[in-house]
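The following note sets out several points for a student who is learning to read a protein model. Please keep the structure in view while reading.

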Amino acid sequence: MVEKKDVLSFEFKNGWEQIDQAQQKEVFKLSEEYKTFLDKGKTERECVDEIIKQAEKNGYKNIEDFIDGKEVLKAGAKIYTNNKGKAVALFIIGEQALEKGMHIVGGHIDSPRLDLKPFPLYEDGGLALLKTHYYGGIKKYQWTTIPLALHGVVINKNGEKINIVIGEDDNDPVFFITDLLPHLAKKQNEKKLNEGISGEGLNILIGSIPCDDAEIKERVKYNILKLLNEKYGIEEEDFLTAEIEIVPASKAKDVGLDRSLVGAYGQDDRVCSYTAMKAIFDIKQPKKTAAVLLVDKEEIGSMGNTGMQSRFFENAVAELVAIQNKDFNYLKVRRALANSKVLSADVGAAFDPNFPDVLDKRNAAFIGKGVLVSKYTGARGKSGCNDANAEFLGELRKIFRNDHVLWQIGELGKVDQGGGGTIAYILANYGAEVVDCGVPILSMHAPIEIASKMDIYMAYKAYKAFLKA
């Protein structure tokens with residue numbers, strides 16, 4: 001007797017079992033390109049520089065050229081707009097008018113890190129150190145005793161901008177935050193995990209050799225200033241007008257003997273940002289305008305003039321609507337945004353066998369099962385979330401099925417466990433249809449995060465299918 005096939009039940013399957021060898025080569029090829037992007041973009045400024053560089057290679061023109069009339073705005077036009085070097089938006093103008101809406105993929109390019117305080121350099125105990133202020137949600141103890149690099153810009157007294165990167169070249173020194181030896185850590189071990197290292201204890205060790213001048217009071221500190229002055233021409237006062245970020249001094253690496261995973265700093269959310277950028281580069285003429293929006297400040301609430309709470313994207317859309325319509329009416333901008341459909345491209349939590357109790361396993365995302373769709377984020381009773389409706393989810397499901405996108409559904413954690421958010425609710429405030437769609441990762445917000453090459457590839461396929469739909 002032949003068993004009847006079960007057509008009613010459903011389960012998400014391992015993606016590696018669903019693809020052939022040719023597709024597997026594509027998966028690994030994309031991940032190599034992605035790792036290169038991660039190594040080039042360890043700060044939001046560096047990401048914007050690299051994105052615009054790649055955009056121009058792919059035929060994108062600055063929005064200012066269209067505003068000035070140097071370029072003609074027509075279907076198929078490729079446009080980028082740069083927001084203060086920290087956020088960027090990419091557009092391909094569709095066949096339909098902008099007021100009919102857009103297909104938007106929106107992610108963020110900032111990541112948890114340490115920032116130097118405005119007046120950071122000091123000497124204590126014969127050592128020179130830098131004071132920091134952490135950015136975003138981190139576990140402070142994870143940042144001790146790992147090699148660190150300095151990235152950023154300094155504006156000197158002459159108003160010149162000086163770029164600084166120390167710790168990435170193989171010949172560069174690196175920097176460390178020290179931790180207490182276990183022999184003397186009795187009291188530290190009795191503290192709660194989040195109290196073992198304090199925010200004020202995250203001080204960067206930067207040197208220990210005193211300068212030759214015995215009359216100078218803080219000779220080690222002065223020697224560091226001298227070295228900085230010799231290489232970059234900066235003085236201590238220039239720290240007051242600087243933005244210097246501390247990030248792990250490590251390159252993106254394959255993880256596992258099968259090389260199926262990527263381990264790297266900043267995958268939240270550069271994994272979604274890169275795949276969204278790659279997706280829009282690989283589509284041609286969409287019916288609706290396709291847009292990729294990559295913003296700053298998501299990790300600290302999306303505030304500021306480069307965050308999603310700013311009107312940067314709205315203003316860019318208004319400029320394009322104004323060029324497209326001689327009889328400009330701001331109502332058309334509102335229609336363009338309200339009629340849009342959006343994938344909020346941000347990472348989600350993957351099931352970790354080392355910590356199984358924080359997730360509802362039946363509603364958790366798993367490494368290697370495809371791109372993650374989260375109907376809602378928020379905390380506990382869905383507080384602060386965008387809750388996507390069934391109609392939009394049904395539409396997205398059809399798009400993914402037609403383009404053979406492997407995807408899975410998942411929540412951030414158990415109902416009472418905690419929670420988090422993305423930029424989804426901000427775009428939804430315009431009236432757009434929005435759902436979170438991104439890559440599940442392990443060790444989120446740690447100095448090194450882990451993602452599956454399969455899920456990275458399926459995020460690229462998902463964004464491409466959506467943008468061209």
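1. Two strands are said to pair if DSSP finds at least two bridges between them. Strands (E, at least two residues) and helices (H or I, at least four) are DSSP runs, numbered from the N terminus. The model is a predicted one, in which local features need pLDDT of at least 70, side-chain atom pairs count only at pLDDT 80 or more, and totals for chains, interfaces and linings use all residues. Residues are numbered from 1 along each chain as its sequence is written, and side-chain values use heavy atoms, with hydrogens and water left out.

2. Strand β16 pairs with β18 (residues 407–409) in the parallel sense over three bridges, and Val 371 stands opposite Trp 407 in β18. With β20 the pairing of β16 is antiparallel, again over three bridges; here Ser 374 stands opposite Asp 436.

3. In a regular strand the side chains alternate between the two faces of the sheet. Both faces of β16 are covered: Val 371 and Val 373 on one side, and Leu 372 and Ser 374 on the other, are all buried. Buried means under 20% relative accessible area, exposed over 50%, and partly exposed in between (1.4 Å probe, protein chains only).

4. An open sheet of mixed pairing is formed by five strands in the order β11-β12-β22-β21-β15. Its edge strands, β11 (253–255) and β15 (348–349), each pair on one side only. β15 is joined to β21 (residues 440–442) in the parallel sense over two bridges, with Ala 349 opposite Ile 441.

5. The largest share of the lining, three residues, comes from β20.

6. The structure holds zero disulfides, a disulfide being a pair of cysteine sulfur atoms within 2.5 Å. For Cys 385, the nearest cysteine sulfur, that of Cys 437, is 17 Å away; Cys 385 counts as partly exposed, at 21% relative accessibility. For Cys 437, the nearest cysteine sulfur is that of Cys 272, 7.8 Å away. Cys 437 is buried, with a relative accessible area of 0%.
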